[in-house]
Amino acid sequence: MAPLYVRNRRDGARLLSSVMVIFTIAVTQIPQPWAVIVVSVSSVICVYWGFAYRRLER
């Protein structure tokens, strides 16, 4: 089974910034029905990956 997060800070920062961009775009489109789903999913992923990023060593 593939790991849920990467093992180095560079790739972790890429993943975290990508999900933050997706979250920001979805928040600006919140009146759309699809945006509510994308905001909820991306916010959960963002929090999880944020905690995982903090645990990575330099």
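The chain contains two helices and zero strands, where helices (H or I, at least four residues) and strands (E, at least two) are DSSP runs numbered from the N terminus. The structure is a predicted model, in which local features need pLDDT of at least 70 and side-chain atom pairs count only at pLDDT 80 or more, while totals for chains, interfaces and linings use all residues. Residues are numbered from 1 along each chain as its sequence is written, and side-chain values use heavy atoms, with hydrogens and water left out.

Along its principal axes, the C-alpha trace of the chain spans about 40 × 25 × 15 Å. The chain exposes about 4600 Å², of which carbon and sulfur atoms supply 67%, with accessible areas taken from the Shrake-Rupley method with a 1.4 Å probe and, for residues, only the protein chains shown counting as cover. Of the 58 residues, 22% count as buried, a term that means under 20% relative accessible area, whereas exposed means over 50% and partly exposed lies in between (1.4 Å probe, protein chains only).

In soluble globular proteins, nonpolar side chains tend to be buried together. The largest nonpolar core here is made up of seven residues, namely Y5, L16, V19, C46, W49, A52 and L56; such a core is a set of buried Ala, Val, Leu, Ile, Met, Phe, Trp, Tyr and Cys residues joined through side-chain atoms within 4.5 Å. Helix 1 and helix 2 each supply at least two residues of this core, and the largest share, three residues, comes from helix 2. Leaving aside neighbours within four places in sequence, L16 is in contact (heavy atoms within 4.5 Å) with C46, W49, G50 and Y53.

A search of the whole structure finds one aromatic pair, where rings of Phe, Tyr and Trp (its six-membered ring) pair if their centres lie within 6.5 Å, and planes under 30 degrees apart count as stacked, over 60 as edge-to-face and the rest as tilted. The ring centres of Y5 and W49 are 6.0 Å apart and their planes stand at 50°, so the pair is tilted. Because Y5 lies in the segment before helix 1 and W49 in helix 2, the pair ties together parts that are 44 residues apart in sequence. Y5 counts as buried at 11% relative accessibility, as does W49 at 18%.

Between helix 1 (9-28) and helix 2 (33-55), the loop includes Q29, which at 33% relative accessibility counts as partly exposed. Not counting residues up to four places away in sequence, Q29 touches W34 and A35.
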